[in-house]
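Let's take a friendly walk through this model, starting with a pair of helices and moving on to the chain contact and the strands. Please keep the structure open as you read.

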Amino acid sequence: MLSYKNIAPFLNTHQNKASRWLSYIGLGIGVLLLLCSVQMYININELLKTKSPKKNGFDFIAVTKTVTDENMVGDHSFSASDLAELKQQKAIEDISPLIGNKFIMKANGGTMLPFETDFFAEAIDNNFLDTLPPSFKWSPGDPTVPIIISSDYFEIYNTLFAPSRDLPQFSEKTMSSIFIQLDCWGANSVKDSYRANIVALSDRINTVLVPKEFLQWANKKYANVDAFNPSRIYIKTKDANNPELLNFLQQKNYHVNKDKTKFGRIKQILQAIVSGLAGFGVLVILLAMVLFSFYLQLMIAKSKENLQLLLTLGYSPKWLSKTVAKKWIPVYIIVILSAVAVTALLHFGFQHFVMKDKEELSPFINWIVIVIAMALLFLSIAVNYRLVKKLLNKL
Amino acid sequence: MQISLQQIVPTFIEEEKISQSQIWNSNVVFNIGEKIQIIAPSGSGKTSLIHFLYGLRKDFNGTIQYDNNSIKNFDAEAFAIYRQQYISIVFQDLRLFTEQTVLQNLDIKRQLNPYHAEGKIEAMAKRLGIENKLNKLCSTCSYGEQQRIAIIRALQQPFNFLLLDEPFSHLDESNRKKAMELMEEESAVRNASIILADLKAIEYFKADRTLDL
């Protein structure tokens with residue numbers, strides 16, 4: 001079987017070794033930059049995902065009416081026309097009011113946790129929740145009320161409340177096993193007690209949430225209130241930083257929680273930086289390929305007479321192209337696989353030493369990175385083959 | 001297989017050379033098994049004819065056909081197939097790889113489509129008196145030795161036609177005879193045709209036909 005080995009002595013591959021090695025190194029660096037950037041982009045997404053208000057490409061932000069010195073006394077709730085006006089805005093996809101308790105609520109830890117506190121609860125449409133466990137529902141007669149609290153509140157409990165009162169701290173996993181007692185006070189000092197436990201944490205809704213069915217029923221039972229205007233609403237928008245949206249809200253003197261939008265901004269900036277690095281990586285790869293093509297052109301030019309004679313003696317141009325091009329495949333494989341290995345190592349180091357094994361990050365590189373590496377490998381082999389074929393056809 | 005020439009005339013040749021020729025502007029057919037001698041004085045276009053037949057050049061009018069296929073329509077791949085299997089050649093300018101050894105020169109042709117086992121190269125080299133040169137660089141061999149190398153190279157493949165362009169110009173009488181014998185034996189084994197173009201008739205080449213170019 002004829003192979004490259006047979007024609008190797010007739011090809012002038014020894015010249016210009018420096019430019020050849022430079023192009024290998026350049027390719028390696030470029031691929032490494034690109035793969036690391038892609039992995040970092042994914043890491044940023046993963047790390048900032050749970051705290052980010054965005055879900056499926058939308059931002060969810062809380063809006064209230066601004067309380068100023070002038071309007072302190074008075075109603076700060078959203079009327080039906082306010083809500084309708086909001087719904088009409090192009091930048092707003094959907095809105096959901098937060099309804100709050102209109103009666104007195106207290107919570108205590110029972111025998112498990114020695115504390116008692118005034119309590120409050122709100123409810124919102126289920127489709128606005130970022131986490132909705134199947135246990136988050138209630139029907140009249142259920143003795144247990146499931147609660148979703150914001151992860152900020154949970155952190156406040158663990159870092160401030162618990163230590164100051166010698167109460168135990170909980171992890172996210174163990175919190176659902178803790179039951180507290182919820183007392184609801186109605187007219188004539190009528191009190192009902194319910195068991196309650198935290199079934200999930202929310203990064204989006206900054207409050208204590210109970211199922212809407214419970215709160216509506218409880219408001220009716222304990223405060224004799226049916227429907228009422230909400231003081232706080234959540235809006236769903238494609239971009240919380242949309243200037244049109246922010247202008248409208250400012251005009252109406254509505255207050256927006258800027259924290260959540262800032263977070264999205266940080267993520268955007270980080271991802272932009274990383275994208276820039278990826279772009280630079282692509283540039284380096286292109287330069288390396290150009291350098292390598294110069295090497296190939298030089299090699300074939302220097303071997304021109306021999307190659308022409310081989311063709312004269314009956315060697316097939318197709319076979320020559322394929323055989324010469326194939327010689328470089330092992331090099332490409334080694335360079336790109338090495339870049340993948342180094343990326344995997346760097347990512348593992350980042351996940352383990354910098355992020356201290358944070359759960360959100362897998363210690364292994366993402367499959368997208370591997371797919372990109374394979375695509376690059378395929379591309380470089382294909383481009384190389386076409387170049388060799390073109391050069392040989394000119395002979 | 002058959003090579004046929006129909007009214008071929010090189011684009012560069014003078015009128016008077018055409019009228020006197022039995023090949024230019026004529027219809028000629030070469031069949032396998034035939035031994036054809038072409039007598040071609042200097043300047044008559046002998047090397048051009050051989051190059052036309054081998055497909056190296058296309059600057060002629062008229063048609064050359066391998067069987068019924070005009071070679072003007074052949075691409076590089078088609079020629080490669082014919083040169084591997086059906087047509088072998090000894091160039092007047094030899095066209096060896098000067099930076100490689102004699103053995104490498106012979107092997108690079110043999111490996112493409114071997115007709116003989118490896119050891120036959122040494123046997124042929126011995127027969128033509130160049131067995132001591134096998135591991136030497138081609139460039140260190142004399143012109144006569146290089147001619148013998150070119151001849152042995154042409155015999156490493158199967159062929160229906162062996163094109164020879166002044167193959168003995170730098171060989172002495174004894175070596176000429178040995179080389180001719182070798183080539184006739186190899187052609188007979190393959191039932192192939194020899195087309196020998198030279199300045200004058202070669203007396204020990206028993207041609208079936210002689211044509212004046």
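## A helix pair in chain B

In this predicted model, helix H4(B) passes helix H6(B) in a right-handed crossing. On the H4(B) side, the contact is made by Val102(B), Asn105(B), Leu106(B) and Lys109(B). Facing them from H6(B) are Ile149(B), Ile152(B) and Arg153(B). Sorted by class, the residues of this contact come to 4 nonpolar, 1 polar and 2 charged.

Two packed helices are described by the angle between their axes and the distance between the axes.

## A helix pair in chain A

How are H2(A) and H11(A) oriented to each other: roughly parallel or roughly antiparallel? Helix H2(A), residues 17-47, packs with helix H11(A), residues 367-393, at an angle of about 155°. Their axes are 9 Å apart. With angles over 145 degrees counting as roughly antiparallel, H2(A) and H11(A) are therefore roughly antiparallel to each other. H2(A) passes H11(A) in a right-handed crossing.

From H2(A), the residues making the contact are Val31(A), Leu34(A), Leu35(A), Val38(A), Gln39(A) and Ile42(A). H11(A) brings Ile368(A), Val369(A), Ile372(A), Ala373(A) and Leu376(A). By class, that is 10 nonpolar residues and 1 polar residue, with no charged residues.

## Where the chains touch

Now for the contact between the two chains. Chain B gives 14 residues to this contact, and chain A gives 14 residues. Which helices of chain B each supply at least two residues of the side that touches chain A? They are H3(B), residues 76-85, and H4(B). The largest share of that side, 5 residues, comes from H3(B).

As for its make-up, the side of chain B that touches chain A has 6 nonpolar, 4 polar and 4 charged residues.

## Strands in chain B

Strands of a sheet pair through backbone hydrogen bonds, either parallel or antiparallel. In chain B, an open sheet of 4 strands runs in the order E2-E1-E4-E5, and its pairing is antiparallel. Its edge strands are E2(B), residues 27-31, and E5(B), residues 69-70, each of which pairs on one side only.

Within this sheet, E1(B), residues 2-10, and E4(B), residues 60-66, are joined by 6 bridges in the antiparallel sense.

## Strands in chain A

Strand E1(A), residues 59-65, pairs in the antiparallel sense with strand E10(A), residues 232-237, over 6 bridges. In this pairing, Phe60(A) stands opposite Lys236(A) of E10(A).

E1(A) also pairs with strand E11(A), residues 254-256, again in the antiparallel sense and over 3 bridges. There, the bridge partner of Val63(A) is Val256(A).

## Chain B overall

Stepping back, the secondary structure of chain B comes to 7 helices and 9 strands. Of its 213 residues, 38% count as buried.

Methods: Residues are numbered from 1 along each chain as its sequence is written. Chains are lettered from A and ligands numbered from 1 in the order in which they are written. This is a predicted model: local features need pLDDT of at least 70, side-chain atom pairs count only at pLDDT 80 or more; totals for chains, interfaces and linings use all residues. A crossing is left-handed if the near helix is turned anticlockwise from the far one by less than a right angle, and right-handed if clockwise. Two residues are in contact if their C-beta atoms, placed from the backbone, lie within 7 Å. Ala, Val, Leu, Ile, Met, Phe, Trp, Tyr, Cys and Pro count as nonpolar, Asp, Glu, Lys and Arg as charged, and the others, Gly among them, as polar. Axes are lines fitted to C-alpha atoms, for helices over the stretch in contact, and angles run from 0 to 180 degrees between N-to-C directions. Angles under 35 degrees count as roughly parallel, over 145 as roughly antiparallel, 65 to 115 as roughly perpendicular and the rest as oblique. Two strands pair if DSSP finds at least two bridges between them. A residue is buried if 20 or more other C-beta atoms lie within 10 Å of its own, exposed if 12 or fewer, and partly exposed in between; C-beta atoms are placed from the backbone.
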